[in-house]
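Below is a set of questions and answers on one structure.

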Amino acid sequence: MIFNAFDEIINNFIDPPLKPSVDPRYVLSDNFAPVDELPPTACEVEEGSLPSCLDGAYIRNGPNPQYLPRGPYHWFDGDGMLHSIRISQGRAILCSRYVKTYKYTIERDAGSQILPNCFSGFNSLTASAARAALFAARILAGQFNPVYGIGLANTSLTFFGNKLYALGESDLPYAIRLTSDGDIETIGRRDFDGNLSMSMTAHPKIDPDTGEAFAFRYVSMPPFLTYFHFDASGNKKWDVPILSMVRPSFIHDFAITKKYAIFTDIQIGMKPIEMINGGSPVGTDPTKTPRLGIIPRSAKDESQMRWFNVPGFNNLHAVNAWDEDDGNAIVMVAPNILPVEHTLERMDLIHALMEKVTIDLSTGMVKRSPISAWNIDFGVINQAYIGKKNRYVYAAVGDPMPKISGIVKLDVTKGEG
Ligand SMILES: [Fe+2]
């Protein structure tokens, strides 16, 4: 109660007026309003029937705060909630469940939020210092132990090594299970026999032919980027620290080809100094030249890593990549965020331009060409083509971002939307 009272004082008397990007009255309105958990519930068939041959589940992840925020809140700050539709024997069952992360469970038992919001919590110098002190006090009092993870598992789902995981890039994967009656169960946080530490990207890439999973983590302390992979059975293999990443960068996604893993070192980075001054922990550096780094997929170290400057190219997501020209070139398809400085605070002002980026490995030349004029992101492809040349991309149309007004099917070979 004492801690919560201090929290109220910070929210009501120390926080400056909230900007729209972190004002929950705006951020959680309309389509983004939080929803409750829903136990497995049979759906009514309004018209027609579900073919009996359809047997499977569609499941998705997204932020959904357990408690209505009383202070600043960003879209990325919510607890992960999974929504599934299980279709089997002509019936459909809908279910919504939180990922039972350590944070979610501790806060559920406490009856209130304990961990400060990451993206929005640093609203001013005084408020951020007060929140840090309050959280430290909660840790000292035994309310929260960060060793068990601070993640929200709110970003994505992945399936490899015959297991389903809910992911958020600030923590380890949480293993998930769909029960036969359509419920979603959290099995637990996974460190892969002690071989995976700290965190893992929410966008690993699974090779459809080998079953291997490729991933990485990025942190604010050296090594800023670490590349690794899992074998087809889901066993975590060796870490490859990327020491040629000389400052912390916001690396949300990457791509693989059959030969390489491809990273983009973009202009958005972690800014611990700005955070101390009350700014966001993540910000844009206009003086930095974005670059693409390629490393052989099976590399044991970064000795064969090569970097290529790509001025003006800042992607958060990567759709796909492949080897071309007898291995002398690499092609990556990814949306370029324009202008990049609006990424976190004014998502509604950004235009995501889908581009094809070609790296000539013999000359080092990088060629870029837009393949659609639409404002599109969150692109997906037929998963059988991950790392291989593909033709179609399905992407969400921003109207403006993050509101989505439709889906566009893009033919990469024709370059038309
Ligand atoms: Fe993402």
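**Binding-site histidines, domains and strands**

Q: In which loop is histidine 317 found?
A: The model is a predicted one. In it, histidine 317 is placed among the strands, in the loop between strand E18 (306-309) and strand E19 (320-324).

Q: Is histidine 317 buried, partly exposed or exposed?
A: Burial requires 20 or more other C-beta atoms within 10 Å, and exposure 12 or fewer. Histidine 317 has 18 C-beta neighbours inside 10 Å, so it counts as partly exposed.

Q: Which residues does histidine 252 contact, leaving aside its neighbours within four places in sequence?
A: Histidine 252 lies in the loop between E12 and strand E13 (255-256). It is partly exposed, with 19 other C-beta atoms within 10 Å. Leaving aside neighbours within four places in sequence, the contacts of histidine 252 are Glu169, His203, Leu316 and His317.

Q: What is the largest C-alpha distance among the residues that UniProt places under "binding site"?
A: The UniProt record, an unreviewed entry, puts the feature "binding site" at His203, His252 and His317. They are spread over 115 residues of sequence but cluster in space, and their largest C-alpha distance is 8.6 Å.

Q: Which element gives the most residues to the side of domain 1 that touches domain 2?
A: The chain is divided into domain 1 (1-189) and domain 2 (191-417), and 23 residues of domain 1 are in contact with 24 residues of domain 2. On the domain 1 side, helix H4 (125-140), strand E5 (156-160) and strand E6 (163-167) each give two or more residues. The one that gives the most, with three residues, is E5.

Q: How far apart are the centres of domain 1 and domain 2?
A: The bounds are 1-189 for domain 1 and 191-417 for domain 2. Taken over C-alpha atoms, the separation of their centres is 25 Å.

Q: How many of the 10 residues of E20 are buried?
A: A residue is buried if 20 or more other C-beta atoms lie within 10 Å of its own. E20 is largely enclosed by the rest of the structure, because the number of its 10 residues that are buried is eight.

Q: Which residue is the bridge partner of valine 333 in E21?
A: E20 pairs in the antiparallel sense with E19 over five bridges, and asparagine 320 stands opposite valine 333 in E20. E20 also pairs with strand E21 (residues 351-360), again antiparallel, over 10 bridges. In E21, the bridge partner of valine 333 is lysine 356.

Q: Is aspartate 326 buried or exposed?
A: Aspartate 326 is found in the loop between E19 and E20. Its phi is near 55°, a positive value in a residue other than glycine. Aspartate 326 has 6 of them, so it is exposed.

Q: Which are the edge strands of the open sheet of four strands?
A: The order of the open sheet is E9-E10-E11-E12, with antiparallel pairing. Within it, six bridges join strand E10 (residues 213-218) to strand E11 (residues 225-230). An edge strand here pairs on one side only, which holds for strand E9 (205-206) and strand E12 (240-242).

Q: What is omega for the cis peptide bond that joins proline 222 and proline 223?
A: Proline 223 lies in the loop between E10 and E11. The bond that joins proline 222 and proline 223 is cis, and its omega is about -10°.

Conventions: Residues numbered from 1 in each chain as written. Predicted model: local features only at pLDDT ≥ 70, side-chain atom pairs only at ≥ 80, totals over all residues. Pairing = 2+ DSSP bridges. Domains from an automatic or database assignment. Contact = placed C-beta atoms within 7 Å. UniProt positions renumbered as here; feature names shortened; annotations may be inferred.
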